[in-house]
Amino acid sequence: MKSAPFLFPLAPDYGHWFSWLMEHPAKILVSACLLGQPVRYDGSAKTLAHTHLERWQKEGRIIALCPERAAGLPTPRPAAEIADRENGVAVLEDKGRVMDNTGADVTAAFVAGAQAALALAQANQCQFALLIDGSPSCGSLSVYDGSFTGHKHAGEGVTAALLRQHGVEVFAHTEIDALHTRLQASTLS
């Protein structure tokens, strides 16, 4: 069943526009592991306990997703990193690979997970994402370097890169206060 297109009110009445915004708060795509779901490669969660996140959940703004699980990868699964100090943009351009610690190339699954995340974000009109940093999918400030030695470098994961390429503002879990400020600004502008 095809859903109706999302329409913004066109009335020049700014009071009406503000009321509409309050009734339709911006949705936020959130890494499922941050919400306590045990979906990480090792079967754990990375629960983020924060008042902003709790309030957004109560307001119905949160859209949860683990891109790797959406792509069909199991939990638990072998750890994966973007090889050769590359990043998500290189993977999307077919210039980088995502490898797991057994030597298997899991690039296709990570790209499929990113595409699933983008489709979910678009279907729910998510303009923002709050993702776990360091992940080869969700990292937005840094990712592991592909050596499986615990070293990170500046860069973004495959999902974060694809979301940004399509206009979604991506924030790392450590930037939740910045996301809160940005949400307030978007509501008032």
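A salt bridge is counted here when a side-chain nitrogen of Lys or Arg lies within 4 Å of a carboxyl oxygen of Asp or Glu. With that criterion, a search of the whole structure finds eight salt bridges. The structure is a predicted model, in which local features need pLDDT of at least 70 and side-chain atom pairs count only at pLDDT 80 or more, while totals for chains, interfaces and linings use all residues. Residues are numbered from 1 along each chain as its sequence is written, and side-chain values use heavy atoms, with hydrogens and water left out.

To begin with the overall fold, the protein chain holds seven helices and eight strands; helices (H or I, at least four residues) and strands (E, at least two) are DSSP runs, numbered from the N terminus. Of the 189 residues in the chain, 44% are buried, where buried means under 20% relative accessible area, exposed over 50%, and partly exposed in between (1.4 Å probe, protein chains only).

The interior comes next. A nonpolar core is a set of buried Ala, Val, Leu, Ile, Met, Phe, Trp, Tyr and Cys residues joined through side-chain atoms within 4.5 Å. The largest such core has 45 residues, of which I28, L29, L130 and L163 touch the most other members. Helix α5 (residues 107-123) supplies the largest share of this core, with seven residues.

Returning to the salt bridges, R164 and E156 meet at 2.6 Å, N to O. Here E156 is buried, at 14% relative accessible area, whereas R164 is partly exposed at 32%. Another bridge joins E169 and R182, with the closest N and O atoms 2.9 Å apart. This pair links distant parts of the chain, 13 residues apart, with E169 in strand β8 (residues 169-172) and R182 in helix α7 (residues 176-188). Both partners are partly exposed, E169 at 27% and R182 at 31%. Salt bridges that share partners also join R55, E59 and R61 into one network. In the bridge between K95 and E93, the closest N and O atoms are 3.7 Å apart; K95 is exposed at 62% and E93 partly exposed at 44%.

On a 1 Å grid over the protein atoms alone, a pocket is an open set of points where a 1.4 Å probe fits, with protein on both sides within 12 Å along at least five of seven lines, and lining residues have an atom within 4 Å of a point. The largest pocket has a volume of about 600 Å³, the space filled by probe spheres set on the points. Its lining has 33 residues, and R40, Y41, A80, S135 and P136 are the closest to its centre. Elements α3 (67-70) and β3 (80-82) each give two or more residues to this lining.

Some backbone details complete the picture. The peptide bond from T75 to P76 is cis, with omega near -5 degrees, and P76 sits in the loop between α3 and β3. D84, in the loop between β3 and α4 (88-92), has a positive phi near 60 degrees and is exposed at 69%.
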